[in-house]
Amino acid sequence: MILESENPNSHMLHPCHCGNWYVPLMSLCRPLKPLPQTPLLHHYHPSISLHAHQLLSSEPLTASADLSLNTLSHFLDRFVYKNPKKPSNAKPKGASIMQPAAGASDGTGVKLMKGEILGGAGVPVNEEKFWRRRVEDIPVDQVYLRV
Amino acid sequence: MSIIVFVIYDTSEFITSSLNKHIDTLFLITHTSTFNISLQALLLIQQISSSLSSPSSLTSSITDRYYRTLYASLHDPRLAASSKQAMYLNLLFKSLKADRDIGRVKAFVRRFVQILVSGGGGGTEFVAGGLYLLGEARASLPMLDFC
């Protein structure tokens, strides 16, 4: 953690005093002058771009709480048509006694568990059934496989 | 860490000087130890402050200090490489839901979006999880307007 005395912008690190003028969130996504960072609406990941659009247009989000569907390793596995490991039914992973708060206990949070991809198998992508689907039916993050 | 949990839950109904000392120790832990441990300490402080029902000046000072520390942790460079990003996102979401000060919630959301735009969290799963939580926040905190 940064010491306050060393940081010249320490007044900006307090949530109540960082300048509470009204800045519409839209201006963060569509900057008026060109900024070096990529706005979320034009993010390279199609799911993120889609969710940013949904947030701004007040539509309900179609995101899933499982973070492992968006990791780089999941993308690479799908890219090489590798089937994900079947979730082990013998012992449910992810619940740890020493860290009970690691999982979302009230069901509203995100979760990221190693080796468990719920519903990530779906239709294996190098089969004809996948090729036959229309582009509109495929989730946005699998469109590149269809094309 | 778990030993401290049991001690504090005994006295969580009213604020005494010994509880103040424990809270001070917890804040010291958040500022001086590794990222995972300071995250656990923040989790504990959040649970304590939500269980303190009487709105006294001592309660609000604990809550203010907690939100100040949480805000600073958003900028922590160790967050990008942490394995507990899901836990961090869940903690952030729980804290935003529990905060009574709407101005502070808006400041948090604004800064969180800036962090996501700059990709400060590391991988795309952090951005995706962050957007999911913003969607949930919009559903449960209707006074937040994103436009």
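pLDDT is the predictor's confidence in each residue, on a scale from 0 to 100. This is a predicted model, in which local features need pLDDT of at least 70 and side-chain atom pairs count only at pLDDT 80 or more, while totals for chains, interfaces and linings use all residues. Residues are numbered from 1 along each chain as its sequence is written, chains are lettered from A and ligands numbered from 1 in the order in which they are written, and side-chain values use heavy atoms, with hydrogens and water left out.

In chain B the mean pLDDT is 80, and 85% of the residues score at least 70. Helices are DSSP runs of H or I with at least four residues, strands are runs of E with at least two, and both are numbered from the N terminus. Among the elements of chain B, the lowest mean pLDDT, 52, belongs to helix α1 (residues 2-10), and the highest, 89, to helix α3 (residues 35-51). For the complex, the predictor gives an ipTM of 0.74 and a pTM of 0.72.

Chain A has five helices and zero strands, so its order from the N terminus is written α-α-α-α-α. Buried means under 20% relative accessible area, exposed means over 50%, and partly exposed lies in between (1.4 Å probe, protein chains only). Contact means heavy atoms within 4.5 Å. Of the contacts in chain A between residues at least 6 apart in sequence, 46% join residues at least 24 apart. Accessible areas come from the Shrake-Rupley method with a 1.4 Å probe, and for residues only the protein chains shown count as cover. Chain A has an accessible surface of about 10300 Å², and carbon and sulfur atoms account for 60% of that surface.

Part of the surface of chain A is a nonpolar patch. Patches are made of residues with over 30% relative accessible area and no salt bridge; like charges are joined within 9 Å, and nonpolar side chains (Val, Leu, Ile, Met, Phe, Trp, Tyr) within 5 Å. The patch consists of A:Leu72, A:Phe75, A:Leu76, A:Phe79, A:Val80 and A:Tyr144, which together have about 570 Å² of accessible area. Helix α3 (residues 72-79) of chain A gives the most to the patch, with four residues. A:Tyr144 lies in helix α5 (residues 143-146) of chain A and is partly exposed, because its relative accessibility is 32%.

The next topic is charge pairing. Side chains of opposite charge can pair when their charged atoms come close. A salt bridge is a side-chain nitrogen of Lys or Arg within 4 Å of a carboxyl oxygen of Asp or Glu. Over all chains, the structure holds four salt bridges. One of them joins B:Arg65 and B:Asp24, with the closest N and O atoms 3.0 Å apart. B:Arg65 is in helix α4 (residues 57-73) of chain B and B:Asp24 in helix α2 (residues 17-32) of chain B, so the pair ties together parts that are 41 residues apart in sequence. B:Arg65 is partly exposed at 38% relative accessible area, and B:Asp24 is partly exposed at 39%.

B:Arg104 forms a salt bridge with B:Asp64, with 2.8 Å between the closest N and O atoms. This pair links distant parts of the chain, since B:Arg104 is in helix α6 (residues 102-117) of chain B and B:Asp64 in helix α4 of chain B, 40 residues apart. The side chain of B:Arg104 also meets that of B:Asp99 in a salt bridge (2.8 Å, N to O). B:Arg104 is buried at 6% relative accessibility, B:Asp99 is buried at 10%, and B:Asp64 is partly exposed at 37%.

In soluble globular proteins, nonpolar side chains tend to be buried together. A nonpolar core is a set of buried Ala, Val, Leu, Ile, Met, Phe, Trp, Tyr and Cys residues joined through side-chain atoms within 4.5 Å. The largest such core has 55 residues, and those with the most contacts inside it are A:Leu40, B:Tyr66, B:Leu70, B:Phe108, B:Phe112 and B:Leu134. Two or more residues each come from α2 (46-56) of chain A and from α2, α3, α4, α5, α6 and α7 (124-140) of chain B.B:Leu92, in helix α5 (residues 85-98) of chain B, is buried at 4% relative accessible area. Leaving aside neighbours within four places in sequence, B:Leu92 is in contact with B:Leu70, B:Leu74, B:Phe108 and B:Phe112.
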